[in-house]
Amino acid sequence: MAWYINAVFYELYVRAFADSNADGHGDLTGLRQKLDYLQWLGVDCVWLLPINPSPLKDDGYDVASYYGIHPHYGLMEDFQITVEEIHRRGMRVIIDLVLNHTSDQHPWFQEARRSKDSAFRDFYVWSSTPDKYQGVPLIFPGVETSNWAYDELTGEYYWHRFYHSQPDLNYDNPQVRAAMLDVVRFWLDLGVDGFRVDAVPYLFEREGTLCESLPETHTFIKEIRKVIDTDYPEAVLLAEACMPPDDLLPYFGQGDEFHLCFHFPVMPRLYLALATGDRSSVVNILDQTPPLPTGGQWATFLRNHDEFNLWLVTPEEREYLWDIYAPLPEQRIFTGIRRRLAPLLNNDPRKIALMHSLLFTLPGTPVLYYGDEIGMGDDVSLPDRNGVRTPMQWNNTANAGFSGAKTLYAPVISDPVFGYQQVSVQAQQADVNSLVHQVREFIMARKRLPVLGSGALEWLGDLPKQALCFWRKSDNQQVLALHNLAAEPLHVQLPESVILHDVFTGETVSGSVVLDVYGYRWFTATP
């Protein structure tokens, strides 16, 4: 079985993780100093948000050079040592690959805007008017008013699907495609184990379309996959493409495009099911999820570095989720919510554990977001999505043990509930009943239960709506996962044809069980 099928990924922002030189920014040396923690937690693969040189207007997704490391984070040698140290601990590492666009500070764009006759002009998408590609939706409504931005130097407009400081590359230009394949080879040669590929659907533009998920995009992804299969067969490609599961299926190709795609539609429905005490939204979306080609896998998550995205629910569901999880206007952004996991769930340890149990037992490879494993808070007073990208809370010393600097890239969380004085890795490691120990227990259990990575999903029927209960089955292993979405205890009659053993206590059970308020149980089954 491919390594990523039953792996646990951990997403971290180098700038936010640990600062070794007291300049207020996390760095690769700081990350290396914390790898023992990630190994203890049980992480299989570390995903690094963008590490390239960048003006950091969009936390590195505005790439100013595909070759190199941001000076805040260290030198290329630091990166190579970090990769070696991650591998030495039995973990893997993937990095963000920002295919769609660059920073407007990238030398390619600086040269392209110098003259209409520049050799790099066709590295980007230009027009004499902003009238092309009408009807293409804005990704950041309320911040950007058009997908075109005017460039005064040459008197033309350039295309950007994201911020105007991020001009889109022109993938109709074979030189661009060749350059990006060179970038892929460069980082794989340095030892990375693959890429989380950013903003996949938007690579090509065609008049009369939404300029998303065009056939040409799939053709180019197949080119990248061919490079990987030929020369780096253990490496993986993970797609960021926020769309319904049927529309995502083509991104797996015939096993010749992405290895993994984020299953964006599942995430808001987990929160919807918890808020309503009704499993149907989760059951419906997973029943609509098509089978994957051999080697394909979903990636699942509870939160990440972006907003909690509500694109893929109905307008009525969006309003309801906003009312429940983001009642204040400042907690909302675009069509989503800019809050972390623990604040979303009112810091209720039962709900937080329940959501993690669902993450680790439903189909897909789980992706954790740094700090959520200790229940970190957020800071919605910060602009954009920055409130969920604050410094990691290591202990209760100054700056949460993140940095010795007087001024940080962002303030640490210091409120009475989520502040580093109360919430930190050190405090939670010392408490065997803490969230971080629960998360570690889930991870260790999952390692013993490969069926959770690859087994079939089968619902346990004849239960009240608040019972989200299911089997995960393979030829040699069966797990029964029970979840109570309600604020009152739930009585569940167990199947009589099998002997059930509690995964966490080893207890043998039969007949029935009572799930606590927002409770969960995992059982292995033998005939």
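Predicted model: local features only at pLDDT ≥ 70, side-chain atom pairs only at ≥ 80, totals over all residues.
Helix H9 packs against helix H10 at an angle of about 155°, while helix H6 packs against helix H7 at about 30°. The sheet is open and is formed by three strands in the order S4-S6-S5.

**Helices H9 and H10**

- The axes of H9 (residues 266–276) and H10 (residues 280–287) lie 7 Å apart at an angle of about 155°, and the two helices are therefore roughly antiparallel to each other, since angles over 145 degrees count as such.
- On the H9 side the contact involves Val266, Arg269, Leu270, Leu272 and Ala273, which meet Ser281, Val282, Ile285 and Leu286 in H10.
- The residues of this contact of H9 with H10 divide into seven nonpolar, one polar and one charged.

**Helices H6 and H7**

- H6 (residues 174–189) and H7 (residues 215–231) pack at about 30° with their axes 11 Å apart, an angle that makes H6 roughly parallel to H7.
- The crossing in which H6 passes H7 is right-handed.
- Arg177, Met180, Leu181, Val184, Arg185 and Leu188 in H6 meet Phe220, Glu223, Ile224, Val227 and Ile228 in H7, and the residues of this contact divide into eight nonpolar, no polar and three charged.

**The three-stranded sheet**

- Pairing in the S4-S6-S5 sheet is antiparallel.
- Strands S4 (126–127) and S5 (148–151) stand at the edges with a single partner strand each, so one side of each is left without a neighbour in the sheet.
- S5 is joined by four bridges to strand S6 (residues 156–159), to which it runs antiparallel, and alanine 149 stands opposite tyrosine 158 in S6.

Technical notes. Residues numbered from 1 in each chain as written. Heavy atoms only, no water. Axes fitted to C-alpha atoms, helices over the stretch in contact; angles between N-to-C directions. Parallel < 35°, antiparallel > 145°, perpendicular 65-115°, else oblique. Contact = heavy atoms within 4.5 Å. Nonpolar A, V, L, I, M, F, W, Y, C, P; charged D, E, K, R; others polar. Left-handed = near helix turned anticlockwise from the far one by under 90°. Pairing = 2+ DSSP bridges.
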